[in-house]
Amino acid sequence: MNITPAYLTSCYLATAIVMGGFFAACEQQVSPPEPFGAIPGEYQMEWQKMEYYMFAHFGPNTFTNVEWGNGEEDPNVFYPTGLDCRQWAATAQAAGMTGIIITAKHHDGFCLWPSEYSTHTVRESLWKEGKGDVLKELSEACKEYGLKFGVYLSPWDQNHPAYGTPEYNQVFANTLNEVLMGYGPIFEQWFDGANGEGHAGKKQVYDWDLFHETVYRNQPQAIIFSDVGPGCRWMGNEQGMAGETNWSTLNITGFEPGSGAPPVDTLNQGNRGGEAWVPAETDVSIRPGWFYSPDTDDKVKSVEQLMDIFYTSIGRNSNLLLNVPPDRTGRIHPRDSTRLMEFKRLREESFAENLAAGATIRASAVRGNTSAYAPENLFNGVYDSYWATHDRELTASLEITLRQKQTFNRLLLQEYIPLGQRVARFAVDYWEDGLNDWVLLTEATTIGYKRILRFPMVTTQKIRVRIEESLACPLLNTLEIYQAPEFLSAPAILRDKEGYVTLSCASPDPVIHYTTDGTIPTTA
Ligand code: FUL
């Protein structure tokens, strides 16, 4: 066929609504989209795909019923009667987690390994006659169970005599060095921002450059967590609620972890078009406290609470670091492990069958009108293939026709973030046969690595995703639809200063019935 410029133009016009089979006749060479703004590094991408991993707070506080030990505890209080790190790893693996991060040293300064740079360690305890090493046991167990291993080391140290003096920074760097050299590979280095007084009543000015340089020298692939990254960021609360709007980009110049961090709502939402790629990590505990206490055995979060947390973390462009504190025997308590398995089962039931499989899809625009960027790429399960629009096309829509009418209540979308986070606002409509028209189903802002929208059950054969605002041409690589079991989460009842009462429920599944005159509500 003789392809003339006029022919290409007519192809372009004709594909204003793109039909799959049309590409073959009109394939053109088209350049891939340019990266937009800050983009993730290779290790940040690997980290993002880990999604869900375990936090293990363990140390003297496990035995003393306190959350913050003061560093004056007798090392002998640390006495797990049957430490079994393989049980932690087996539990994490069975729960569907991808790694474990342990509190190698919390604010009390107690080291779970026999550190050369401290006199407050497992070596000073009677546990295993001073010959024990929790980091060794856990790092080996993680390898055995195919999990990644990470460490939390608190710079705040209420035990070390040098804390509060310039020498302490080098002591802490040596401590880090020892852990990172001795127990790697380390996928994440967790830096707590807490900066309190040492036992001599002094505060420390931390040398973050020295600490970061020590991490990267030993473990170049490690993702450094802190309030402001640089690898990933605290998302501003410990309740498991990442922002509805959640940018993985953050302005970091002039900020520091701890009191010098950006406001918590900025950490919660990130900065639109922010200068650095610092994605959110949601850290939350399965119990009311971070450390084990027998007082909280009956307060392990319910499976519904965990499921809500799943949707407000992983479902909102954040990784989930779920704390499951080992108990005084040195094992994960059966209450917690049972709950983890129930949570896993509910996730499996919720995402059992992708109802978008076998659907047909049309896009309002396709980059270069080529199959390389066709909307079918949303369905092929290949991470690196995506649908894209032309550079100048910042709004677009996708129309999905399912194989048959389906009933569903979840929509999962993924942006192709290796080229930057772009989508700022979008809406989803469903086709209502009775009205012969589209009806708005839900609206949201950011997508990022993964966004899962919850809405009440709807039955339809067609949905439409409208991208209403994007910082650069949108790139999406996954669209899935599910019918998840409906569940109740505890209703929240709020009354403001004016006496205005709001009834809400984290899960959109239940329908709330109420009266305003004190009578018992009915479904009417
Ligand atoms: C906080 C600490 O003070 C808590 O004890 C806990 O370790 C939490 C994950 O980080 O800043």
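Colleague: Before we look at anything, how do I read a surface patch?

Modeller: Start with the rule: a patch is made of residues with over 30% relative accessible area and no salt bridge, and nonpolar side chains are joined within 5 Å. Keep in mind that this is a predicted model.

Colleague: Which residues form a nonpolar patch on the surface here?

Modeller: Look for Ile493, Val501, Leu503, Ile512 and Tyr514, which together have about 490 Å² of accessible area. Take Val501 as a worked case. You will find Val501 in strand E19, which covers residues 501-505. Its relative accessible area is 41%, so Val501 is partly exposed.

Colleague: Are Arg86 and Glu144 buried or exposed, or in between?

Modeller: In between. Arg86 is partly exposed at 42% relative accessibility, and Glu144 is partly exposed at 47%.

Colleague: Which pair could I compare with that one?

Modeller: Arg287 is in the loop between strand E9 (280-285) and helix H10 (303-312), while Asp336 is in helix H11 (residues 334-350), so the bridge ties together parts 49 residues apart in sequence. The cut-off for buried is under 20% relative accessible area. Arg287 is buried because its value is 1%, and Asp336 is buried with a value of 0%.

Colleague: And where does Asp308 find its partner?

Modeller: Asp308 forms a salt bridge with Arg454, with the closest N and O atoms 2.8 Å apart. Asp308 belongs to helix H10 and Arg454 to strand E16 (residues 451-470), so this pair ties together parts that are 146 residues apart in sequence. Asp308 counts as buried at 11% relative accessibility, and Arg454 is buried too, at 16%. Salt bridges can also share partners: Arg272, Arg425, Asp429, Arg464, Arg466, Glu468 and Glu469 are joined into one network that way.

Colleague: How many cavities of 30 Å³ or more does the structure hold?

Modeller: There are two of them.

Colleague: What about the second largest cavity?

Modeller: That one has a volume of about 30 Å³. Among the residues lining it are Phe58, Pro60, Lys105, Asp108 and Phe291. Here the classes are five nonpolar, three polar and two charged.

Colleague: And how much space lies in the second largest pocket?

Modeller: About 320 Å³. It is lined by 20 residues, and the closest to its centre are His107, Trp190, Asp192, Ala194 and Glu238. The lining has ten nonpolar, five polar and five charged residues.

Colleague: Last topic: the backbone. Where should I look for cis peptide bonds?

Modeller: Read the omega angle. A cis bond joins Gly184 and Pro185, with omega about -5 degrees, and Pro185 lies in the loop between H7 and strand E4 (188-191). Another cis bond joins Gly229 and Pro230, with omega about 15 degrees. Pro230 is in the loop between strand E5 (223-226) and strand E6 (232-234).

Colleague: And which value should I check in Asn369 and Asn436?

Modeller: Check phi. Asn369 is not a glycine, yet its phi is positive, near 50 degrees. Asn369 is in the loop between strand E11 (360-363) and strand E12 (387-388), and is buried at 2% relative accessibility. Asn436 also has a positive phi, about 55 degrees, without being a glycine. Asn436 lies in the loop between strand E14 (423-432) and strand E15 (437-444), and counts as exposed at 56%.

Note on methods. Residues are numbered from 1 along each chain as its sequence is written. This is a predicted model: local features need pLDDT of at least 70, side-chain atom pairs count only at pLDDT 80 or more; totals for chains, interfaces and linings use all residues. Side-chain values use heavy atoms; hydrogens and water are left out. Patches are made of residues with over 30% relative accessible area and no salt bridge: like charges are joined within 9 Å, nonpolar side chains (Val, Leu, Ile, Met, Phe, Trp, Tyr) within 5 Å. Accessible areas come from the Shrake-Rupley method with a 1.4 Å probe; for residues, only the protein chains shown count as cover. A salt bridge is a side-chain nitrogen of Lys or Arg within 4 Å of a carboxyl oxygen of Asp or Glu. Helices (H or I, at least four residues) and strands (E, at least two) are DSSP runs, numbered from the N terminus. Buried means under 20% relative accessible area, exposed over 50%, partly exposed in between (1.4 Å probe, protein chains only). On a 1 Å grid over the protein atoms alone, a cavity is a set of points where a 1.4 Å probe fits but cannot get out, and a pocket is an open set with protein on both sides within 12 Å along at least five of seven lines; lining residues have an atom within 4 Å of a point. Grid points are joined across faces, edges and corners, and a volume is the space filled by probe spheres set on the points. Ala, Val, Leu, Ile, Met, Phe, Trp, Tyr, Cys and Pro count as nonpolar, Asp, Glu, Lys and Arg as charged, and the others, Gly among them, as polar.
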